[in-house]
2 protein chains.
Amino acid sequence: MKILVVGSVAYDAVETPEGKRVSQLGGSASYFSVAASHFTDVGIVGVVGRDFRDEDLRMYEAHGIDISGLEIADGKTFRWAGDYMQDINTAVTHETQLNVFADFTPDLDERHATAPYLFLANINPSIQLSVLNKMSSRPKLVACDTMNLWIDIARPALAELIGKVDALMINEGEARQFTEDDHLPTAARSLLNQGPSTVVIKRGEYGAAMFNHAFNFAAPAYPLATVVDPTGAGDSFAGGFMGYIAATGDTSEEGLRRAAIVGSTMASFAVEAFGLDRTRNLTHEDIAERYQSFVNLTRFLPLSSSSGLPRRPGS
Amino acid sequence: MKILVVGSVAYDAVETPEGKRVSQLGGSASYFSVAASHFTDVGIVGVVGRDFRDEDLRMYEAHGIDISGLEIADGKTFRWAGDYMQDINTAVTHETQLNVFADFTPDLDERHATAPYLFLANINPSIQLSVLNKMSSRPKLVACDTMNLWIDIARPALAELIGKVDALMINEGEARQFTEDDHLPTAARSLLNQGPSTVVIKRGEYGAAMFNHAFNFAAPAYPLATVVDPTGAGDSFAGGFMGYIAATGDTSEEGLRRAAIVGSTMASFAVEAFGLDRTRNLTHEDIAERYQSFVNLTRFLPLSSSSGLPRRPGS
């Protein structure tokens with residue numbers, strides 16, 4: 001197992017201008033693991049209820065995802081209901097039913113506890129910390145995500161967690177909220193000074209900005225003709241990002257830059273269809289082709305001695 | 001004269017979290033011409049009042065800007081007052097005094113009418129159209145900007161103008177408003193179908209997105225530690241963009257991509273100080289160095305046969 005992810009596995013009811021789904025497989029660990037599975041071996045630690053569908057377990061297995069850490073507990077699977085009808089970039093939550101997730105205490109077996117890469121997807125920071133503490137050796141790279149709820153109700157635990165991870169993935173609004181700094185470049189610096197060596201700010205339709213003590217990197221969002229369902233875009237980004245790094249072992253500046261583009265690639269696929277419909281059916285060629293589209297979207301020629309910056313005569 | 005710009009010359013009263021200025025030289029034609037003057041010869045067509053300061057006329061001349069088309073009329077110079085106290089990305093207008101601008105009817109002499117590049121900065125689209133119609137031959141490239149006011153009160157004239165320009169520069173919100181399409185990639189396509197071969201969507205702190213029938217290009221904003229005064233960022237972008245194209249004559253895809261980065265470079269300088277304070281004092285080396293910073297901000301390695309996309313064993 002190259003990457004261990006701990007996070008939610010959920011059934012979502014979601015409505016967007018493109019349609020409506022009920023009981024759609026979702027949750028941060030689902031989006032993350034399916035995206036990462038294109039690149040390397042992933043294992044999930046999480047919990048579902050007795051209502052969890054066999055076909056969904058088989059879908060994970062078809063992607064080589066290790067679900068030995070996916071506990072099946074008495075009760076119902078975590079459920080989220082929401083819509084993106086007013087603004088495709090902003091989910092309006094109708095209902096959150098924690099169900100079996102309410103009493104979730106993750107257990108790690110030997111294979112989980114020795115995974116070299118760890119992603120602590122968006123759940124209660126106490127659970128994220130407990131998983132990190134249960135690792136038998138420090139992973140090569142630990143990344144986490146979070147949400148505004150935990151900033152509101154669990155700030156001390158979240159601050160402790162941020163102090164212990166290598167990479168923090170966080171939404172723009174949450175970065176502003178946590179740092180109380182509206183200006184993103186200085187908010188990101190402030191987060192870097194609290195522990196992580198890399199901070200990835202997720203900006204939805206504007207892409208992602210990666211900050212590091214050594215460099216900054218801007219990754220645009222891919223200009224899709226239609227966004228069908230934005231749910232899971234951030235976790236799919238994280239899955240591509242961590243999947244690339246875990247598969248190559250490359251945490252150099254060049255590796256992180258490429259990883260951010262692989263992440264952007266997976267996020268762009270995620271939103272093209274409802275739920276995991278697009279991400280789980282991708283070929284290796286689809287992914288390589290979209291990566292190349294990001295090259296085309298961002299490339300420009302540097303200045304050179306033969307083709308430098310023009311200058312007004314006399315200036 | 002390589003570029004003719006028609007637009008406003010103004011005295012602005014502006015307040016930002018970084019300070020306050022009264023009677024600061026501004027206006028779309030000022031920001032555009034000073035930015036473009038680093039690269040090529042620019043001439044302004046516009047109007048000011050009897051209160052216009054000699055030192056400001058001399059500032060233009062020091063940048064080689066041709067002000068023979070800058071009429072000095074009886075009355076006061078156009079004045080705008082506003083602040084960015086709530087949100088550094090959004091100006092709140094306190095007052096707009098048109099003054100001499102109310103009766104402005106631009107006259108073009110032979111040198112103006114034969115300029116090979118024309119920028120129709122944000123003014124009433126009827127004036128933009130009249131200047132375009134007075135050109136004695138079709139310029140190699142005509143670009144225009146606009147604002148929400150003209151979409152509200154002069155949509156037919158604006159639509160006619162958009163049908164006649166090569167490049168449209170427009171804010172994100174205005175692109176949505178004009179096309180009645182909230183999704184930017186399709187809004188941009190809709191604008192392209194109305195005439196321009198290139199549409200540049202200005203996104204403030206998120207940079208700029210350039211759409212063309214042949215390609216898309218994303219230019220990030222430079223992550224500055226502090227934004228002092230965002231006034232004139234869009235016009236400075238346009239000045240860098242048009243200045244680069246006019247100086248090189250390069251309207252190829254590669255030229256347009258570079259021009260967008262030169263534009264982003266000039267916009268990033270514009271907001272670093274109040275008014276024209278930074279833009280007018282730049283050296284050629286400052287500009288080349290910032291351009292290189294954009295290379296560093298966006299570069300990543302393409303996939304290659306030796307270093308391709310990793311793949312999960314068995315997938």
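User: Let us start with the single chain. How many helices and strands are there in chain A?

Analyst: Chain A has eleven helices and 13 strands. Keep in mind that this is a predicted model.

User: How does the radius of gyration of chain A relate to the globule rule?

Analyst: The radius of gyration is 20 Å, close to the 20 Å that the globule rule gives for 315 residues, so chain A is as compact as a globular protein of that length. Along the principal axes, the C-alpha trace of chain A spans about 80 × 40 × 35 Å.

User: What share of chain A is buried?

Analyst: Buried residues are 50% of the 315 in chain A. Now look at the contacts with a separation of 6 or more in chain A: residues 24 or more positions apart account for 67% of them.

User: Now the sheet. What is the general idea of strand pairing?

Analyst: Strands of a sheet pair through backbone hydrogen bonds, and the sense is either parallel or antiparallel. In chain A, nine strands form an open sheet with mixed pairing. Read across the sheet, the order is E5-E4-E1-E8-E9-E10-E11-E12-E13.

User: Which strands of chain A are the edges?

Analyst: Strand E5 (66-73) and strand E13 (216-219) of chain A are the edge strands. Each pairs on one side only. From one strand to the next, the twist averages 15°.

User: In which sense do E4(A) and E5(A) pair, parallel or antiparallel?

Analyst: Strand E4 (residues 42-49) of chain A pairs with E5(A) in the parallel sense, over six bridges.

User: Which strands does helix H9 of chain A lie across?

Analyst: Helix H9 (residues 233-248) of chain A lies across E1, E8, E9, E10, E11 and E12 of chain A. The helix runs at about 170° to E8(A).

User: Next, the two chains. How are copies of a chain related in general?

Analyst: Two copies of a chain are related by a rotation about an axis and a shift along it. Here a rotation of 180° with 0.0 Å of shift along its axis superposes chain B on chain A, with an RMSD of 0.0 Å. That is the relation of a two-fold axis. The same surface serves both copies: 100% of the contact residues of chain B recur in chain A.

User: How many residues of each chain are in contact?

Analyst: On chain B, 47 residues are in contact with 47 residues of chain A. Five elements of chain B each supply at least two residues of its side: H8, E13, H9, H10 and H11. The largest share, nine residues, comes from H11(B). By class, the side of chain B that touches chain A has 26 nonpolar, 14 polar and seven charged residues.

User: How much of helix H1 of chain B is buried?

Analyst: Helix H1 (residues 28-36) of chain B is mostly covered, with nine of its nine residues buried. Among them are B:Tyr31, B:Phe32 and B:Val34.

User: Where is B:His94, and is it buried or exposed?

Analyst: B:His94 is in strand E7 (residues 92-97) of chain B. B:His94 is exposed, because 12 other C-beta atoms lie within 10 Å. Not counting residues up to four places away in sequence, B:His94 touches B:Ala81, B:Gly82 and B:Asp83. The C-alpha atoms of B:His94 and B:Asp83 are separated by 7.6 Å, and the two residues are eleven residues apart along the chain.

User: Which backbone angle stands out at A:Ser23 and B:Glu180?

Analyst: Phi. For A:Ser23 it is near 55°, a positive value in a residue other than glycine. A:Ser23 lies in strand E3 (residues 19-26) of chain A. A:Ser23 counts as partly exposed, because it has 13 C-beta neighbours inside 10 Å. Phi of B:Glu180 is also positive, near 55°. B:Glu180 lies in the loop between helix H7 (172-179) and H8 of chain B. With 8 other C-beta atoms within 10 Å, B:Glu180 is exposed.

Technical notes
Residues are numbered from 1 along each chain as its sequence is written. Chains are lettered from A and ligands numbered from 1 in the order in which they are written. This is a predicted model: local features need pLDDT of at least 70, side-chain atom pairs count only at pLDDT 80 or more; totals for chains, interfaces and linings use all residues. Two strands pair if DSSP finds at least two bridges between them. Helices (H or I, at least four residues) and strands (E, at least two) are DSSP runs, numbered from the N terminus. Axes are lines fitted to C-alpha atoms, for helices over the stretch in contact, and angles run from 0 to 180 degrees between N-to-C directions. Two residues are in contact if their C-beta atoms, placed from the backbone, lie within 7 Å. Ala, Val, Leu, Ile, Met, Phe, Trp, Tyr, Cys and Pro count as nonpolar, Asp, Glu, Lys and Arg as charged, and the others, Gly among them, as polar. Copies are superposed by least squares on the C-alpha atoms of residues with pLDDT of at least 70 in both. The radius of gyration is taken over C-alpha atoms; the globule rule is 2.2 Å times the number of residues to the power 0.38. A residue is buried if 20 or more other C-beta atoms lie within 10 Å of its own, exposed if 12 or fewer, and partly exposed in between; C-beta atoms are placed from the backbone.
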